[in-house]
Amino acid sequence: DSKEIKGVKFLPIYWKKSENLAKDVKYDVSLIGSDHDNRFNIVNKVIPQLKERNVSYCFKIYSETDLEDPYGIIIKNPIPIEETNYITSASNCIFDTDREIQTGVTPRLIWALANGKKVISTNKNLSRLGFVDMEQVRIVDRNNPIIDIEFLLNKTSYKVSDYLKSLEVDNWVENFL
């Protein structure tokens, strides 16, 4: 829309500096979220790939529905934001699943990039966004998600771009003042 409407600037969601951050990496990859747009099934296709290569993961998917959960990733109560922040900060990479109709980015993606994390995402539109460093991101097919294990296990650290720094909530609000 921002390309088609004159005077409208594309501005993805903001991020906020987090408290309760982990001091060490405990997980190679994590995802915390609710079960929507086939997220549970996508993750269940990924876990065997991770297990086969002894990749550590923490997946927690909130669902009120009784689902067959062979990997024990369903949670019945949302977890506090402090615990979410801790798990994601203790992760080398964040797994991001978008809604199929979505063209923008998830808050999870912005948070991950703003904290120098790698991201594996089902969002095909990420490569069109100028602020996303595609060295830091891998896009997988939501129907057949094949994980690049070498990318996942690589401990490369990423510098946070000035653009992502501008999306920190205190800076982001300046766009409306």
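Select F59 to begin: this residue is buried, with a relative accessible area of 4% (buried means under 20% relative accessible area, with a 1.4 Å probe and protein chains only). The model is a predicted one, in which local features need pLDDT of at least 70, side-chain atom pairs count only at pLDDT 80 or more, and totals for chains, interfaces and linings use all residues. Residues are numbered from 1 along each chain as its sequence is written, and side-chain values use heavy atoms, leaving out hydrogens and water.

Aromatic pairs number two, counting Phe, Tyr and Trp (six-membered) rings whose centres lie within 6.5 Å. The ring centres of F59 and F95 are 6.3 Å apart and their planes stand at 45 degrees, so the pair is tilted (planes under 30 degrees apart count as stacked, over 60 as edge-to-face and the rest as tilted). Since F59 belongs to strand β2 and F95 to strand β4, the pair ties together parts 36 residues apart in sequence. Include Y57 to display the cluster that ring pairs form with F59 and F95.

Seven of the eight residues of β1 are buried, so the strand is largely enclosed by the rest of the structure. β1 pairs in the parallel sense with β2 (residues 57-62) over six bridges, where pairing requires at least two DSSP bridges; I32 stands opposite K60.

Finally, move to helix α3, residues 107-114, where seven of the eight residues are buried.

Key:
Buried means under 20% relative accessible area, exposed over 50%, partly exposed in between (1.4 Å probe, protein chains only). Helices (H or I, at least four residues) and strands (E, at least two) are DSSP runs, numbered from the N terminus.
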